[in-house]
Amino acid sequence: MENLKIGVFLSDCGKVLTKILDFDNIISFLKEIPDVTVVERGTEFWKGSGLQTIVKTIKEQKANRIIVAESLPKLSEIKIVEAAEAAGLNQNFVQVIDLKNHCAWPHRNVPKEATEKAKAMLLASVERAKILEPIHKLEFPALKSVLVIGGGISGIQAAEDLADLGFEVHLIEKAPFLGGIAARAGRFFPTDDCAACIQSPTSDVKTITHTSRKCIYRSGIAAISGLKIHTNSQVIKVEGQPGNYRITLEKKPRYVNETKCISCNLCSEVCPIEVPDEYNANLMNRKAIYAIVPNIYPPTYVIDEQSCKFHECEKCVQVCPTKAVELDQKPEISTINVGAIIVATGFKEYDPSVIKEYHYGEYHDVITNLELARMLDAFGPTGGRIIRPSDGKPARRIVFVQCVGSRDKRWNDYCSSICCMISLKHAIMIKTVFPEIDVSICYIDIRTTGREHEEYYEKARELGVKFIKGRPTEISHDPESNVLIVDVEDSLLRRFLELETDLVILATAMVPSEDTQTLAEILKIDIDKDGFFKEYNAKLRPTETKMRGIFLCGGATFPKDAPSSSLQAHSAALKAVKFLNTGKIVKDQRTAVVNEEYCGDCEFCPVSCPYNAIELVKIDEKHVVAKVSDLLCEGCGICIGTCPLNAIDLRHFKQSELLSQTKAILSINGQDKPLILAFCCSECGGASVDSAGMTMSNYPTNVRIVKVPCTGYLRIEHFLTAIKNGAQGVMVVGCMSDGCHHEEGIKMVEKRIDAAKTLLKEYGIEPERVELFNTIFVEGDKFAEAACAMTGRLEKLGPLRFSKEV
Amino acid sequence: MTETKEFNVPFSKEVASRYGGETVMLCYQCGTCASSCPVAKTTEKFNPREIFRLVLLGERQEVFQSNAIWLCSSCYNCQERCPQMVELVDVFFALRNIAAKEGHLPKIYSEFAFALMNDGRIVPVSKFIERKREQIGLPPLKTIGTEALRKILAVTGFDKLLLKKEVES
């Protein structure tokens with residue numbers, strides 16, 4: 001092994017730290033440590049001549065471990081590591097510590113003690129430097145092809161973006177035709193243009209110019225090279241890893257050959273079977289061989305296998321001029337390879353028949369907003385006329401009921417966010433064409449929060465739509481007059497109304513699409529409490545999932561209007577591009593590693609890993625060991641905390657490194673308060689320690705800080721080792737209990753701390769000596785407060801005494 | 001005329017902290033309860049939504065001074081349909097308990113209560129009832145031993161609520 005040559009660089013931040021820390025004292029201390037060959041002091045080391053000093057030390061004086069005490073911890077670390085790597089030093093041999101925020105500022109009133117603490121911090125880094133091992137860069141393949149699941153507005157948009165950028169795209173749609181729920185909506189808000197346009201791509205790519213209104217009807221999406229559209233298809237299996245997935249698709253038989261069909265409609269004309277048309281809200285019938293609307297992608301008819309009599313009839317086969325009808329088609333299984341997956345499965349209308357008091361499904365004239373949209377659509381079953389489905393007579397009075405199944409704890413807690421606008425849009429459309437129709441909207445709160453949305457509310461009032469603040473309790477039916485009665489309190493006038501009406505429109509909740517759960521299991525991604533796919537972090541990582549390489553957009557995450565769905569589609573597409581663009585995924589091997597000699601036959605770590613990075617691999621007939629995927633592992637170390645056999649370690653933060661730091665940082669005291677070791681996570685908890693320094697909050701020098709990747713890393717023996725090595729108390733500082741950046745780390749350490757307390761009691765040690773603190777970055781003052789409180793508590797307890805041997 | 005006064009927020013918290021009153025804060029005034037309520041449709045004196053509003057705004061005096069909270073017939077229509085799963089009937093019981101403790105017990109209720117304690121029945125056995133029973137061949141009603149019942153009422157604190165009322169009146 002080569003000889004250790006440790007270079008230590010101390011920044012005094014433009015001499016502001018010299019008033020607090022005795023740099024001469026620190027330097028002479030460092031120089032006496034064997035293996036420390038270079039000690040430099042300067043103003044700043046993360047840029048300019050300071051950074052050059054580091055590079056020179058590496059190149060000329062052959063320093064092979066670097067410790068830099070610098071402020072601006074994260075930013076400076078990135079720059080210093082970059083320069084050191086360029087100079088030929090492995091990234092893991094560089095440590096950047098923060099003497100300013102972790103020592104000088106918070107202890108500025110006690111300079112002597114602060115100097116001693118600084119020495120302890122530096123010694124801890126030196127001790128750690130001695131046992132560091134290099135971290136290598138890994139490369140994984142990234143196929144420049146993407147699977148988009150769901151052919152609605154978001155899926156089409158994302159697929160188009162990616163295909164335009166030269167990616168190979170597979171757009172798959174479960175239904176026989178593209179379009180999704182949005183295409184059925186008739187019109188969109190806030191632009192009032194047609195919804196059908198998203199459903200009917202043509203092949204004339206060249207007619208679109210950048211000034212043209214973006215209308216997918218004319219965009220020619222189907223003709224973009226590199227975009228393959230699979231309708232009637234579903235994902236049944238996903239194997240492989242981010243960047244290189246192998247997808248198994250199942251294509252249900254269409255019974256009509258897509259390459260031969262010319263959409264002449266002869267088959268549909270001769271088909272003798274008529275069934276209710278679910279696309280048009282069952283308000284009309286369709287044939288067993290059909291297309292949903294005239295302009296459609298793919299321009300190929302489809303046979304509904306539930307109702308077709310196949311070889312008993314064969315009328316369509318006989319009439320088809322191109323012999324496109326193939327009654328013997330079988331499901332096809334195919335596989336494709338993609339680098340990333342975009343989930344755009346959208347939402348659906350909640351079935352309000354469970355809400356008994358509204359009698360949906362029982363009274364034919366109680367319909368949903370989507371069903372009304374079909375009536376209002378000129379392509380729809382009534383050609384735009386508004387009728388009572390029960391008798392086909394024109395509806396003269398209409399009552400909308402808002403929040404049906406949403407904002408309702410019995411069904412769906414959340415506000416579906418678009419139903420107010422949908423009802424307003426429909427009310428306006430009705431009032432504009434049929435001013436004589438009486439329209440009322442019963443609401444709890446009208447929510448028009450988007451750009452140009454309030455105008456709809458205003459316009460509806462101008463057109464004479466009546467707004468009744470009150471949620472109806474029941475809809476009843478008078479069979480004699482075939483009239484519905486809506487029982488509601490006008491709560492503003494405190495008056496009870498029985499609204500007689502021909503048609504009731506339920507503004508139903510929007511809920512996750514069918515098969516969301518199944519798809520989540522196939523993709524191994526999470527769903528949230530409302531059943532939608534879960535975004536990794538709505539603020540920082542929207543449209544991402546915790547699985548790198550799988551992205552979300554549109555209604556799959558929550559009910560959305562068309563503009564938001566499109567925007568999300570662009571976002572997901574861009575993220576897929578960022579992920580795959582270079583054709584490879586470069587990643588530091590800052591990952592967990594399993595000692596196979598100890599590991600065996602339990603499943604703690606695969607279950608606890610928040611990134612699904614660990615799987616169990618058979619080594620012989622009876623035994624399994626854990627195997628960590630270097631690609632998926634994020635290096636949090638939660639597996640270390642959970643492993644009952646202590647068989648896992650982190651390459652970039654070995655338990656031996658933690659131990660040597662613990663010993664060293666407690667070995668120099670220089671003050672008389674009880675020593676406390678604070679284990680901080682590298683996320684919120686650690687950030688609050690940084691911000692305690694930045695905001696100059698005071699806390700005593702007995703509090704010594706060691707950062708770990710996540711508090712979930714910590715094992716009970718880590719607490720005990722601290723106590724054994726002179727700590728009178730242990731603080732664990734992590735994220736808020738529901739805000740752990742690695743999901744469950746903080747909750748796991750919480751349980752471990754409880755266990756540690758019980759254990760301490762057994763040894764006759766006061767359990768209060770180990771405590772957990774939850775903080776966020778902006779709560780530096782709270783960390784300082786906690787540190788002072790913990791010190792006070794330990795002072796009251798008095799010195800630590802062991803009643804039994806630990 | 002507009003009134004200027006401070007909202008007595010602790011009142012809603014007080015109701016929420018009592019057994020049965022836990023869900024009072026969830027109310028968002030949609031009015032489903034009012035339109036479900038058979039009592040509200042027959043008298044203007046009672047509107048569950050309005051009473052909840054008064055509680056949430058802390059109008060303690062107004063809630064207890066009227067007899068409205070005693071008019072709920074416990075039919076549970078509102079509770080079945082409340083979209084926020086507010087347990088309205090239980091909240092009314094909680095309100096009645098606070099009211100009784102503070103001496104706002106309507107006379108008819110205290111009469112019922114005393115009848116229950118003394119005879120074991122809310123409705124006293126009148127001559128008319130006895131005659132009717134005889135006519136249709138039913139046996140005469142037995143007097144009921146109230147000792148056990150009194151013990152139960154004492155354990156629940158029911159009798160103390162009434163005594164307080166007596167002292168005040």
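Modeller: Two residues are in contact if their C-beta atoms, placed from the backbone, lie within 7 Å. The model discussed here is predicted.

Biologist: How many helices and strands are in chain A, and what percentage of its residues count as buried?
Modeller: Chain A holds 22 helices and 36 strands. Its C-alpha trace spans about 95 × 65 × 60 Å along the principal axes. Of the 806 residues in the chain, the part that counts as buried is 49%.

Biologist: What separates the centres of domain 1 and domain 3 of chain A?
Modeller: Domain 1 of chain A covers 1-135, and domain 3 covers 253-330. Taken over C-alpha atoms, their centres are separated by 75 Å.

Biologist: Which residues does Ala158(A) touch, not counting residues up to four places away in sequence?
Modeller: With residues up to four places away in sequence set aside, Ala158(A) touches Val148(A), Ile342(A), Ala344(A), Cys553(A), Ala569(A), Ala572(A) and Ala573(A).

Biologist: Is Arg187(A) buried, partly exposed or exposed?
Modeller: Arg187(A) sits in the loop between α7 (180-183) and α8 (216-219) of chain A. A residue needs 20 or more other C-beta atoms within 10 Å to be buried, and 12 or fewer make it exposed. Arg187(A) has 18 C-beta neighbours inside 10 Å, so it counts as partly exposed.

Biologist: What distance separates the C-alpha atoms of Arg187(A) and Lys425(A)?
Modeller: Arg187(A) touches Lys425(A) and Met429(A), among others. Arg187(A) and Lys425(A) are 238 residues apart along the chain, and their C-alpha atoms are separated by 8.3 Å.

Biologist: How many charged residues has the side of chain A that touches chain B?
Modeller: In the contact between the chains, 16 residues of chain A meet 16 residues of chain B. Strand β23 (residues 483-490) gives the most to the chain A side, with three residues. By class, that side has four nonpolar and three polar residues, and the number of charged residues is nine.

Key
Residues are numbered from 1 along each chain as its sequence is written. Chains are lettered from A and ligands numbered from 1 in the order in which they are written. This is a predicted model: local features need pLDDT of at least 70, side-chain atom pairs count only at pLDDT 80 or more; totals for chains, interfaces and linings use all residues. Helices (H or I, at least four residues) and strands (E, at least two) are DSSP runs, numbered from the N terminus. Ala, Val, Leu, Ile, Met, Phe, Trp, Tyr, Cys and Pro count as nonpolar, Asp, Glu, Lys and Arg as charged, and the others, Gly among them, as polar. Domain bounds come from an automatic or database domain assignment.
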